[in-house]
Amino acid sequence: PSIPFFQVAQEENYRDPTNIQQKHQKQQAFEAELAANADRIATLITAGQNLIDGAKCAGGEDAVSARLKALNDQWELLVKTTTEKSYRLKEANKQKSFMAAVKDLEFWLGEVEILLQSDDYGKDLASIENLLKKHQLLEADIMAHQDRVQEMNQQADSLLERDQFAGQQIAERRKVIADRYERVKEMANVRRDKLNKALNVHQFFRDIDDEESWIK
């Protein structure tokens, strides 16, 4: 049974993020099967050791000892390989969550960038006031996403600390999102400033209109 066990343990299926959840579940089932066999291996090793200790090997102590050592070494390697693979699958699962968070933020940033690139600064006092109200809501949404960006950063830190196999990609995606988020905050400040200036100008025109109508 050790050959198929080793094949399963040594598969690097964690490198492909497709169906990573199912792969993780299969790995847990494999670990359970491994644990179920642990007692059998331990019993066999104990029985072999008893044969050697009781001098019941008819002079074949060295051969029995060699077989026991080979069995024990194989078992330890299998357990070590399985533990490593389980760890990698957990990390791949975390990486998938990170990529999902990145995609959500990319979509949201794209929508916000379009709104902030608008060159509509109103044509009168009422329309400018309306645009300012909308802009305040947008700025509130931008600030509300700060936690999600920080969470994405923490996920990236956690993955990079563990020597992830896709480290460079994770670092690059994180940087792009962080840079775009900072740029969006700057764009929001610029647009608010322009809207406030437009408001001041139109308020001034309104005041002049009021004075002129009074004079006339």
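At what angle do helix 3 and helix 5 pack, and how far apart are their axes? In this predicted model, the angle is about 150° and the axes lie 10 Å apart. Helix 3 covers residues 61-116, and helix 5 covers residues 146-161. Angles over 145 degrees count as roughly antiparallel. Helix 3 and helix 5 are therefore roughly antiparallel to each other. The crossing of helix 3 past helix 5 is left-handed.

**Overall build**

The protein chain has 6 helices and 0 strands. Its pattern along the sequence is α-α-α-α-α-α. The chain holds 216 residues, and 30% of them are buried.

**Salt bridges**

The whole structure contains 10 salt bridges.

| Pair | N to O distance |
|---|---|
| Lysine 69 and aspartate 73 | 2.8 Å |
| Glutamate 91 and lysine 94 | 3.4 Å |
| Glutamate 113 and arginine 180 | 2.9 Å |

Take lysine 69 and aspartate 73. Both sit in helix 3, 4 residues apart, which places about one helical turn between them. Is lysine 69 buried or exposed? Lysine 69 counts as exposed, at 53% relative accessibility. Aspartate 73 has 35% relative accessibility and counts as partly exposed.

Glutamate 91 and lysine 94 also belong to helix 3. They are 3 residues apart, again about one helical turn. Here glutamate 91 is buried, with a relative accessible area of 2%.

Now consider glutamate 113 and arginine 180. Their side chains meet in a salt bridge, with N and O 2.9 Å apart. Glutamate 113 is in helix 3 and arginine 180 is in helix 6, so the pair ties together parts 67 residues apart in sequence. Both glutamate 113 and arginine 180 are buried.

**A nonpolar surface patch**

Which residues form a nonpolar patch on the surface? They are Val201, Phe204, Phe205 and Ile208. Together these residues have about 360 Å² of accessible area. Isoleucine 208 lies in helix 6, which runs over residues 167-215. Patch residues need over 30% relative accessible area. Isoleucine 208 has 32% and is partly exposed.

How values were computed
Residues numbered from 1 in each chain as written. Predicted model: local features only at pLDDT ≥ 70, side-chain atom pairs only at ≥ 80, totals over all residues. Heavy atoms only, no water. Patch = residues over 30% accessible without salt bridge, like charges linked within 9 Å, V, L, I, M, F, W, Y side chains within 5 Å. Areas by Shrake-Rupley, 256 points an atom, 1.4 Å probe, with all protein chains shown as cover. Salt bridge = Lys/Arg side-chain N within 4 Å of Asp/Glu carboxyl O. Helix = DSSP H or I, 4+ residues; strand = E, 2+ residues; numbered from the N terminus. Buried < 20%, exposed > 50% of the residue type's maximum accessible area, 1.4 Å probe, protein only. Axes fitted to C-alpha atoms, helices over the stretch in contact; angles between N-to-C directions. Parallel < 35°, antiparallel > 145°, perpendicular 65-115°, else oblique. Left-handed = near helix turned anticlockwise from the far one by under 90°.
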